[in-house]
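Here is a note to read beside the model. Please keep the sequence and the 3D view open while going through the points.

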Amino acid sequence: MFSLMPSVWINPANSRFYACEYIDAHGKRAIRSTKQLNKKDALRVANEWEEFAAAARSGEATRHQAEAVVNRSLEIAGMGKLKRFTIEEAFKNWILENSKHWSSATLVKYKKASSSFLEFFPPERIKEQLRTITKKDVEAWHDNELAEGKGKSTAGTYLNILRSAFAWMVNEDYIAENQPKKVTLRGASISESREAFSDDEARAILSVCTRDWRGAALFSSWHSIRLGDVARLKWGNLDLERGFIKYLPSKTRNLDQDPRLLVMAQDILRWLKDQEQGKPTDPLFPTLCSRVSGGHQGLSNEFGRIMAKAGIVIPLGREKKGKGRQFRKKSFHSFKHLSHTRMLEADIGAEQRRLMGGHSLTSTAHLSYLHMRPESQTAALAKIPSLMDSMPEPAPEPVSEKKRPARRKVQAG
């Protein structure tokens with residue numbers, strides 16, 4: 001092995017940058033462009049490379065030294081330093097920088113997904129650099145989500161959220177590669193669908209509700225409003241003189257979009273006449289507005305107790321193992337299904353159903369809320385002419401010789 005002091009030169013015929021010659025980490029002569037226009041800067045880069053190569057040849061090179069070499073080269077080029085963030089810091093920044101563009105429902109979902117990922121690792125691991133995350137790390141987390149009983153649809157959604165987070169981190173130069181994008185979704189995404197309430201079930205629920213819950217149920221069953229959106233309604237969302245309600249659904253991705261404007265149903269106007277009107281900033285449902293939907297004491301579980309009080313049996317989905325909760329086919333969200341189904345049964349057109357249900361004209365999401373209940377099927381079938389009227393009796397089936405029954409001989413008296 002020989003030694004060689006780094007040297008730099010420029011060949012105007014080939015490049016406008018200075019080239020350098022030095023001994024690389026394998027002890028071989030190397031010639032590379034420094035990407036520098038100034039000879040002094042080019043020599044500094046060459047010396048940095050030679051110093052690190054010497055450390056590598058002796059087995060003493062470290063990741064920290066490599067980052068230091070790159071950072072000094074970037075500084076020489078006037079490009080600043082490499083961004084260095086721990087796993088924990090990167091996710092915190094992702095949420096902080098993007099939450100202002102997300103709806104409240106999206107923010108909750110994205111926080112759950114990121115918390116699930118961070119809590120999978122030991123505390124000391126998430127203090128390490130973000131670039132240490134590998135494809136195997138993401139696969140292990142994704143497999144663990146399924147092993148603990150999380151539904152395939154939810155686990156798939158969480159993985160897609162992680163891909164979005166890492167895409168932002170790549171774009172912000174936190175890392176070079178999107179490792180979650182290399183991970184394949186495990187198994188088919190199987191979702192279970194909610195069922196609509198029958199009219200009698202809706203009436204039974206309304207009969208046992210408190211003032212706030214009755215109003216919330218009416219707004220949802222007539223206007224397809226989700227529980228979280230209903231709970232946050234204020235008196236300012238209502239135009240009582242014209243009978244309008246105006247609000248922006250929490251799942252709306254474009255926060256600059258105009259609020260939904262709906263004509264309130266007569267059942268709701270009748271309910272409002274019995275209420276004491278508050279200020280525009282006052283909550284329409286004071287006992288619901290400050291509470292979260294999930295959790296043991298959340299709105300969803302309380303509504304489950306109201307359903308039980310109304311004598312409604314909640315059908316359950318597929319049995320699950322581990323931490324996954326068994327799907328309940330009826331919940332407050334069944335009012336949204338009821339709303340769309342009643343509009344269908346009232347012969348309201350598809351375009352009107354989309355708009356009245358809070359969907360865009362190009363969306364197919366409203367289709368998942370449509371149900372044709374048995375009584376509707378009976379009424380629809382009754383409108384179709386019979387195929388059997390004035391039809392003669394069918395001809396007898398031919399009997400083959402092999403199957404013809406044997407005749408008994410008649411004995412003479």
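How many disulfides does the structure hold? It holds 0 disulfides, a disulfide being a pair of cysteine sulfur atoms within 2.5 Å.

1. Ground rules. This is a predicted model, so local features need pLDDT of at least 70 and side-chain atom pairs count only at pLDDT 80 or more, while totals for chains, interfaces and linings use all residues. Residues are numbered from 1 along each chain as its sequence is written, and side-chain values use heavy atoms, with hydrogens and water left out.

2. The chain overall. The chain has 14 helices and 6 strands. Both are DSSP runs numbered from the N terminus: helices are H or I with at least four residues, strands are E with at least two. Of its 413 residues, 37% count as buried. The chain exposes about 26000 Å², and carbon and sulfur atoms supply 53% of that area. Areas come from the Shrake-Rupley method with a 1.4 Å probe; for residues, only the protein chains shown count as cover.

3. Contacts along the sequence. Take contacts between residues at least 6 apart in sequence: 59% of them join residues at least 24 apart. Contact here means heavy atoms within 4.5 Å.

4. The three-stranded sheet. An open sheet of 3 strands runs in the order S1-S2-S3, with antiparallel pairing. Its edge strands are S1 (7–9) and S3 (29–33), each of which pairs on one side only. Neighbouring strands of this sheet are turned by 20° against each other on average, direction ignored. Strands pair if DSSP finds at least two bridges between them. S2 (residues 19–23) and S3 are joined by 5 bridges in the antiparallel sense.

5. Which strands does helix H1 touch? H1 (residues 39–57) packs on the sheet and touches S1, S2 and S3. The direction of H1 makes about 20° with that of S2. Axes are lines fitted to C-alpha atoms, for helices over the stretch in contact, and angles run from 0 to 180 degrees between N-to-C directions.

6. Salt bridges, with one across the sequence. The count is 14 salt bridges, each a side-chain nitrogen of Lys or Arg within 4 Å of a carboxyl oxygen of Asp or Glu. Lysine 127 and glutamate 88 form one of them, at 2.7 Å from N to O. Lysine 127 is in the loop between helix H4 (104–120) and helix H5 (135–147), and glutamate 88 is in helix H3 (residues 87–98), so the pair ties together parts 39 residues apart in sequence. Lysine 127 is exposed at 51% relative accessibility, whereas glutamate 88 is partly exposed at 31%.

7. Helix H7. Arginine 203 and aspartate 200 meet in a salt bridge at 3.2 Å, N to O. Why are they about one helical turn apart? Because they are 3 residues apart in H7 (residues 199–208). Arginine 203 and aspartate 200 are exposed.

8. A buried pair. Lysine 330 and glutamate 201 meet in a salt bridge at 2.8 Å, N to O. Lysine 330 lies in the loop between helix H11 (299–309) and helix H12 (334–345), and glutamate 201 lies in helix H7, so this pair ties together parts 129 residues apart in sequence. Lysine 330 and glutamate 201 are buried. Elsewhere, salt bridges that share partners join Arg125, Glu128 and Asp137 into one network.

9. Strands S5 and S6. S5 and S6 pair in the antiparallel sense over 4 bridges. Tyrosine 247 stands opposite arginine 260 in S6. In a regular strand the side chains alternate between the two faces of the sheet. The covered face of S6 has Arg260 and Leu262; the uncovered one has Leu261 and Val263.

10. The proline between them. Proline 249 sits in the loop between S5 (244–247) and S6 (260–263). Is proline 249 buried or exposed? Proline 249 is buried, with a relative accessible area of 13%. Leaving aside residues up to four places away in sequence, proline 249 touches Asp229 and Arg260.

Terms used. Buried < 20%, exposed > 50% of the residue type's maximum accessible area, 1.4 Å probe, protein only.
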